[in-house]
Amino acid sequence: MREAEQRRRWYAAVSLAREQQVEQHRARVLTGQTRACQQAAEIRAFCQDARARAGDTPVATDQTDWLEWAEAYAEQLDPLQTPLRTPPDPPAARGSLPHTAWTISAVVTWRPRREGSAASTTRC
């Protein structure tokens with residue numbers, strides 16, 4: 001009876017840890033996308049300002065080449081240039097949860113922790 005309750009709690013803890021791992025991964029991806037989008041917008045604004053300053057004056061080939069490269073780079077950076085998708089979930093972290101009697105092995109089989117082994121502090 002006690003072992004079944006420990007196992008139930010361990011499964012619940014692993015499930016929660018996995019949800020948190022996926023959530024953190026998605027937050028990192030989203031944050032990266034927003035930064036890339038902002039950087040792309042800043043580069044485009046810079047290029048527009050540079051072209052506006054030139055006005056009707058002919059622009060040197062070097063400057064034109066640089067601005068064309070910068071605009072193409074902004075397109076590559078911008079995550080909104082392609083359809084957005086939920087990123088794939090990261091691989092599940094291996095290891096033990098602290099203060100439990102169960103651990104997960106490399107092949108995702110559940111087994112009791114050996115007596116005398118210290119609880120791992122690996123975070124998911």
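Modeller: Buried means under 20% relative accessible area, exposed means over 50%, and partly exposed is in between (1.4 Å probe, protein chains only). This is a predicted model: local features need pLDDT of at least 70, side-chain atom pairs count only at pLDDT 80 or more, and totals for chains, interfaces and linings use all residues. Residues are numbered from 1 along each chain as its sequence is written, and side-chain values use heavy atoms, with hydrogens and water left out.

Biologist: Is tyrosine 73 buried, partly exposed or exposed?

Modeller: Take its relative accessibility, which is 30%. Buried needs under 20% and exposed needs over 50%. Tyrosine 73 therefore counts as partly exposed.

Biologist: How many aromatic pairs are there?

Modeller: Rings of Phe, Tyr and Trp (its six-membered ring) pair if their centres lie within 6.5 Å. Planes under 30 degrees apart count as stacked, over 60 as edge-to-face, and the rest as tilted. By this rule the count is 3.

Biologist: Where do tryptophan 66 and tryptophan 69 both lie?

Modeller: Helices (H or I, at least four residues) and strands (E, at least two) are DSSP runs, numbered from the N terminus. The two tryptophans are 3 residues apart, about one turn of the helix. Both lie in residues 61-77, which is helix H2.

Biologist: Which residue forms a stacked aromatic pair with tryptophan 69, 5.1 Å centre to centre?

Modeller: The planes of this pair are 10 degrees apart. Ring pairs link Trp66, Trp69 and Tyr73 into a cluster. The partner of tryptophan 69 here is tyrosine 73.

Biologist: Which element gives the most to the nonpolar patch?

Modeller: Patches are made of residues with over 30% relative accessible area and no salt bridge: like charges are joined within 9 Å, nonpolar side chains (Val, Leu, Ile, Met, Phe, Trp, Tyr) within 5 Å. Phe46, Trp66, Trp69 and Tyr73 make a nonpolar patch of about 480 Å². Tryptophan 69 is partly exposed at 47%. With 3 residues, the top contributor is H2.

Biologist: How many salt bridges are there?

Modeller: Side chains of opposite charge can pair when their charged atoms come close. A salt bridge is a side-chain nitrogen of Lys or Arg within 4 Å of a carboxyl oxygen of Asp or Glu. By this rule the count is 7.

Biologist: How many residues apart in sequence are the parts that arginine 26 and aspartate 89 tie together?

Modeller: These two form a salt bridge, with the closest N and O atoms 3.5 Å apart. Arginine 26 lies in helix H1 (residues 2-54), and aspartate 89 in the loop between H2 and strand S1 (102-104). The separation is therefore 63 residues.

Biologist: Which residue forms a salt bridge with glutamate 75?

Modeller: The closest N and O atoms are 3.0 Å apart. Glutamate 75 is in helix H2 and its partner in helix H1, 31 residues apart.

Biologist: Is aspartate 78 buried or exposed?

Modeller: Aspartate 78 meets arginine 44 in a salt bridge (3.1 Å, N to O). Aspartate 78 lies in the loop between H2 and S1, and arginine 44 in helix H1, so the pair ties together parts 34 residues apart in sequence. At 7% relative accessibility, aspartate 78 counts as buried.

Notes
Areas by Shrake-Rupley, 256 points an atom, 1.4 Å probe, with all protein chains shown as cover.
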